[in-house]
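Dear colleague,

Here is the structure I said I would pass on. My notes on it follow below.

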Amino acid sequence: MKSPYLNELQPGKAAVATLLAHSKEIRQKKTGEPYLSLLLGDRTGEIDAKMWDNVAEVVDTFNRDDFVKVKGLVHVYNNRPQFTVHKLVRVEESTIDPADFFPASARDPEEMFAELRAIVGSMENLHLRALLDLFLEDEDIARRFRKAPAAKIIHHAHLGGLLEHVLSLATLCRLAVGHYPNIDGDLLLAGAILHDIGKIYELNYDRGFSYSTEGQLLGHIAMALRMIEQKAGRLAGFPPRLRALVEHMVVSHHGQLEFGSPKVPLFPEALLLHYLDDLDSKMDCMRTLIERDRQIEGCWTAHSQPLNRVVLKKLKYLAGVPEPPSEDQSPAAAAPGLFGEKLTAALRPEE
């Protein structure tokens, strides 16, 4: 276990830490000299970092997604911690434990996968159960399913996140079926399990989270349709109309054309899947935003682009944490505040 983790670093104190370079940009000071703008992180979070001096000595020694050991000072800038790097050296991957650097589900992936198999085993529709069994018995799919995140950054963006999201969604499906008696529970569950299955190939997640080349070209919806076609084609007598319903749930689960769905939901199970999926993803997005927000003072998070709002840190608010006197962090001021923050950063005098 590495020490210290990023969330253990204190503003105003010197620090030495081994972190993952999520991004690396070479920029220019007003004097024309280069400086490095970095985003560094480990499994506990991320921090903006700047290296102002001695850049020529290190700029070619590491790349994005390399592990680096940095020495410098943590301070507060624009109400967020920032790391001023004085020294930097690349660290060999063989010397680190990847578990220290990549966020992962708190649940054991084997336990989650066993729970998913039990859910499929309880389904009464033999056609749908057989189709899902083909997916979960495929060694490559099962291995990737245990590890894949549900998204690159928006929700469940950690190792095992896709499986965690699917299980959460399955629980919501069962609750909804108890409330809406006209819903086919097995069909809804099949849609929940398969709606994001293409993400196991759309995303790369062996180092940082990024899109694969095929993922960039096709996207997870098109990739999922191809996977369903391959698996259903192996099942003699699989009803073509049932397959069409499953495929429609996959292509419509984003809910709206402008959100990437080729079709809007056109029957009750498809519509319900969309709203439950949207609910689960947004609740996790809010949870993660609050837990990982880098604002030092006040009860509001920074503006979230996926949610298009700032979010109240409820526990801080109830505890009576005062607001910073110099900023309006109210939801109504979210957009102007974000613009002002970017403008301030752009006009910041650089060394």
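A residue is called exposed when its relative accessible area is over 50%, and buried when that value is under 20%. Please keep in mind that this is a predicted model.

By that cut-off Leu-266 counts as exposed, because its relative accessible area is 59%. Leu-266 sits in the loop that runs between helix H10 (240-252) and helix H11 (268-292). Together with Leu-257 and Val-264, Leu-266 makes a nonpolar surface patch of about 290 Å².

For the chain as a whole, 46% of the 351 residues are buried. The accessible surface comes to about 18,200 Å², and carbon and sulfur atoms account for 54% of that. The chain holds 13 helices and seven strands, and its C-alpha trace spans about 70 × 45 × 35 Å along the principal axes. Of the contacts between residues at least 6 apart in sequence, 59% join residues at least 24 apart.

I also looked at one helix pair. Helix H2 (residues 109-121) packs with helix H5 (residues 161-179) at an angle of about 35 degrees, and the axes are 10 Å apart. The crossing of H2 and H5 is left-handed. On the H2 side, the contact is made by Pro-109, Met-112, Phe-113, Glu-115, Leu-116 and Ile-119. H5 contributes Leu-163, Glu-164, Val-166, Leu-167, Ala-170 and Arg-174.

Regards

Conventions. Residues numbered from 1 in each chain as written. Predicted model: local features only at pLDDT ≥ 70, side-chain atom pairs only at ≥ 80, totals over all residues. Heavy atoms only, no water. Patch = residues over 30% accessible without salt bridge, like charges linked within 9 Å, V, L, I, M, F, W, Y side chains within 5 Å. Areas by Shrake-Rupley, 256 points an atom, 1.4 Å probe, with all protein chains shown as cover. Salt bridge = Lys/Arg side-chain N within 4 Å of Asp/Glu carboxyl O. Helix = DSSP H or I, 4+ residues; strand = E, 2+ residues; numbered from the N terminus. Buried < 20%, exposed > 50% of the residue type's maximum accessible area, 1.4 Å probe, protein only. Axes fitted to C-alpha atoms, helices over the stretch in contact; angles between N-to-C directions. Left-handed = near helix turned anticlockwise from the far one by under 90°. Contact = heavy atoms within 4.5 Å.
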